[in-house]
Amino acid sequence: MCFEWGPAEVLVCETRFGRGGGGDAAPGSSRVFVVRRDQDIYIQTLRKLFNESHGVFIGLQRCEEELAGKSRKAHLVQVSKNYRSVIRACMEDMHRAAAATRDPALHSQYSTQVSILSAMELIWNLCEILFVEAAAAGPLLLRLLDWIRLHVCDVDSMVREVLSSENPSKHKLFWNVVDVFVLQGRMDEARHLLSKEASANPTSMSMYKVLDDLMMKMPLGNTQTLTELELKWQHWHEECQRYLRDGTFASNPHMESICKVLWGHCVLQELHVVISNCHMDLFLGEESSPEPLDTILMAAFEFELHQVIKECSIALSNWWFVAHLTDLLDHCKLLQSHNLYFGSNMREFLLLEYASGLFSHHSLWQLGVDYFDHCREYGRVYLELHIERIPLNTEQKALKVLRICEQRHMHEQVRSICKIMAMKALRNNRLGSALSWSIRAKDAAFATLISDRFLKDYCERGCFSDLDLIDNLGPSMLLSDRLTFLGKYREFHRLYGEKRFSEAAKLLLMLMTAHIAPCSFWMTLLTDALPLLEQKEVIFSAEQTYELMQCLEDLTAGKPDKQKLLDDDVETTKVEMLRLALARNLARVIVKEGTLEGS
């Protein structure tokens, strides 16, 4: 069995074990298994979670330096709520998808994701209350009660069922609903229900009034300081205890139970202790262990931030949650002292992991770029490594990647991308595209190779392809001598087409005498000179004619392939025609120049 990392964060496993009982397998029965690092990236219905949270993340990074004091804290709380809104929106989409599908497997997948997203929002909301908002004692208690109400929704359906009955106080769920209201701190709603019990049973009126008074006076805290809240709570707590000791509610077990719950409400410093004890007593047997969600919530109530992040990393199915929550907590200055052993901090480590997962997806990789940008220590290195592994399937995608690299001055990656695309274009005989990519890569050797292909193509077809590109090379033609020649040679044809013969003749001669043109192309250039030599008007001066003659002699004399050139009938005919045309032109020039001198 062999494991190997393939492209885009994929682990490839090849095994030759068969499906049968033993370990033997028939020849050719090997199978390849693909294991992805972050499978949730590929769930279509989670796309909203990744895309919309990206905008929230970027907004937080950009606003960080502009905010201070109370406005900064208010902004961080709003950012946290924005993240939760994204989670809830995604959860609603999952609900709709689960209801719409008839495929049992898809329904199961959607339902699982709903459960995961629900747990994520539950944890995030608690962390927002305890760490991001970090309100004073009274407001904190109210926030926690809101948290319980928001995430325990079953009571609402129970209330509707009880209130819609003919005699609500006799309904089997009546006291269950009252108990839940009390446990959630919804005292006004609990009192409203108890008033129905008092109306239906006049004998319990006195007990109801006492209990109603206790519930009405229960100190929940608004803008009170911790000291004020504790003093009020102590006085109220002693009053509850006195009624229980006196047996005021002894004849009604339900009301007595409610008073015990009220009396049992704890102070904030003891919150995590009470929760821990209740959790152990009510939900765990002697041999059972807490569920991951219970462990995470307990760690939050104990203000163990790093433990919350650690447990979430283990329990949740993707890096999205811990990466964004840790980033937010880091902006709250709550994780500054925690560095990892290899030099990075926890925030950066988790963001790097999340962004690496995004890069394994064919379109989400673009989001990952921004996350790497905001990792100061290793973000640049990770981005360079991942950019090189993006499959450049189309020119459009290659241009996107190239633009990202150019904006970040990643010169090596720019050259690498351009070379890859130039090679692909050349293999497909798309010379214009290949030349364009090689120029962008500033690759002189490759530009020379493609220029030669252009010239060869011209010799075979008698015309240039991709004229727009060649006509607009501009300063890029200086990248290599061959590219310079290609651009200038095309310019010669343009001048000739515009009947600017003198300029064309001068350029043609310069290409040969300045040794810009390759020797193998000299015969083509001399042949191009024939129409100019045969014009009615004399184009080449005597000096220029002598230079052309010298070029022709250099081509046919003292070269290793001289004999081969002369043995070729076509080439021999061209040479003779050129000699004749040059001699005739020289005679015309001498006559013309002599006539001018005589006059």
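The secondary structure of this protein comes to 28 helices and three strands, where helices (H or I, at least four residues) and strands (E, at least two) are DSSP runs numbered from the N terminus. The model is predicted: local features need pLDDT of at least 70, side-chain atom pairs count only at pLDDT 80 or more, and totals for chains, interfaces and linings use all residues. Residues are numbered from 1 along each chain as its sequence is written, and side-chain values use heavy atoms, with hydrogens and water left out.

Of the 599 residues, 45% count as buried, that is, under 20% relative accessible area, with exposed meaning over 50% and partly exposed in between (1.4 Å probe, protein chains only). The protein exposes about 32,100 Å², of which carbon and sulfur atoms supply 53%; accessible areas come from the Shrake-Rupley method with a 1.4 Å probe. Among contacts (heavy atoms within 4.5 Å) with a separation of 6 or more, 61% join residues 24 or more positions apart.

Two helix pairs are set out below. Axes are lines fitted to C-alpha atoms, for helices over the stretch in contact, and angles run from 0 to 180 degrees between N-to-C directions.

| Helix pair | Angle | Axes |
|---|---|---|
| α14 (residues 320–331) and α15 (residues 346–358) | about 150 degrees | 8 Å apart |
| α21 (residues 444–461) and α23 (residues 481–497) | roughly 35 degrees | within 8 Å |

The angle of about 150 degrees between α14 and α15 makes α14 roughly antiparallel to α15, a term for angles over 145 degrees. The crossing of α14 past α15 is left-handed, meaning that the near helix is turned anticlockwise from the far one by less than a right angle. Residues of α14 including Trp 320, Val 322 and His 324 meet residues of α15 including Met 346, Leu 350 and Tyr 354. By class, this contact of α14 with α15 has seven nonpolar, three polar and three charged residues; Ala, Val, Leu, Ile, Met, Phe, Trp, Tyr, Cys and Pro count as nonpolar, Asp, Glu, Lys and Arg as charged, and the others, Gly among them, as polar.

For α21 and α23, whose axes come within 8 Å, the contact involves Phe 454 and Leu 455 of α21 and Phe 485 and Tyr 489 of α23, among others. The residues of the contact of α21 with α23 divide into eight nonpolar, three polar and two charged.

Helix α16 (residues 365–373) holds the buried residues Trp 365, Leu 367, Gly 368, Val 369, Tyr 371 and Phe 372. Their cover includes α1 (47–63), α14, α15, α17 (379–387) and α18 (395–407).

Note on methods: Parallel < 35°, antiparallel > 145°, perpendicular 65-115°, else oblique.
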